[in-house]
Amino acid sequence: MDNAVNILRQVSVNGIIAIGMTFVIMTGGIDLTVGSLIAVSGVVAGSILVANPNGVIVAILAALLACGLFGAMNGFFVAHMKVPAFVATLAGMTIARGFAYVYSDGKPYTLASEGFSYIGKGSVPIIIFLIIAFLSHILLSKMKFGRYIYATGGNIKAAGASGVNVKKVLLKVYILGGVLAGIAGIVLASRTNSGQPAVGVAYETDAIAAAVIGGTSMTGGVGTIGGTLIGILIIGTLNNGLNLLDVSSYYQQIIKGLIILGAVCFDIRSKDSSK
């Protein structure tokens, strides 16, 4: 039981990112900026809290605003400038990481705010993760915006012809992904009591893996939040097991890459056989 709670606590940050990634992938896109946005969130919140340890709300809002703006930038280039999502977010990833280093002058912020530290303590990250998962499930399965996401990812031309404003849908989805990455950054900064420009490297790998293993199709139009929850728990259990077996982090990266490749191949073969 303790190990299960420990796994849930470990996957809470990646799980929040994976939910945002699920929305993006369901539109047929991808978001490579999420790891860098964790750093952006941490340094923006950190700079405010160093100046004013009691400014927790301001720090959180500023961090989410910064990440939301990066998400809007991604969405603008994907939806309006027709830049492929991989290229747009690859550039966004580099810009966001550079911003984090420039903003913090390359130095971490050490945080000493009791109110902010509470966010990353005990079961709080798990509760935040589960609340976000529940609300995302409602958004995707019960609300009109969720149906628009499925329609846009399933066939963007047909969705547009049916009256769906696909550009607005894409813009909102990338903003949502950015804000969720910002929340994950806040949780991580709170847990470590620091805002660092170097954190979050390769976090997008686990997020993509969780979404794909959970049944989200890389070609869009298919996926559920419940599936992503299962995917992130599988990734968390795998990480936990490999750590207990003392497997090198280098080999762990190879294993995760092979899992993503296998899941995508399975998705493609499943679609081919259903035609």
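Which residues lie nearest the centre of the largest pocket? N14, D206, N239, Q252 and K256 do. The model is predicted, so local features need pLDDT of at least 70 and side-chain atom pairs pLDDT 80 or more, while totals for chains, interfaces and linings use all residues. Residues are numbered from 1 along each chain as its sequence is written, and side-chain values use heavy atoms, without hydrogens and water.

**View 1. The largest pocket, with a volume of about 500 Å³.** A pocket is an open set of points on a 1 Å grid over the protein atoms alone, where a 1.4 Å probe fits, with protein on both sides within 12 Å along at least five of seven lines; lining residues have an atom within 4 Å of a point. Its volume is the space filled by probe spheres set on the points, which are joined across faces, edges and corners. The lining of the largest pocket has 19 residues.

**View 2. Helices around the largest pocket.** Two or more lining residues come from each of helix 1 (2-26), helix 9 (166-192), helix 10 (203-213), helix 11 (225-244) and helix 12 (249-274). Helix 1 gives the largest share, five residues. Helices are DSSP runs (H or I, at least four residues), numbered from the N terminus. By class, this lining has seven nonpolar, nine polar and three charged residues.

**View 3. The second largest pocket, about 220 Å³.** Its lining includes T27, G28, G29, V78, A79, K82 and Y174. Helix 3 (56-79) and helix 9 each supply at least two lining residues, and the largest share, four, comes from helix 9. The classes here are six nonpolar, four polar and two charged; Gly counts as polar.
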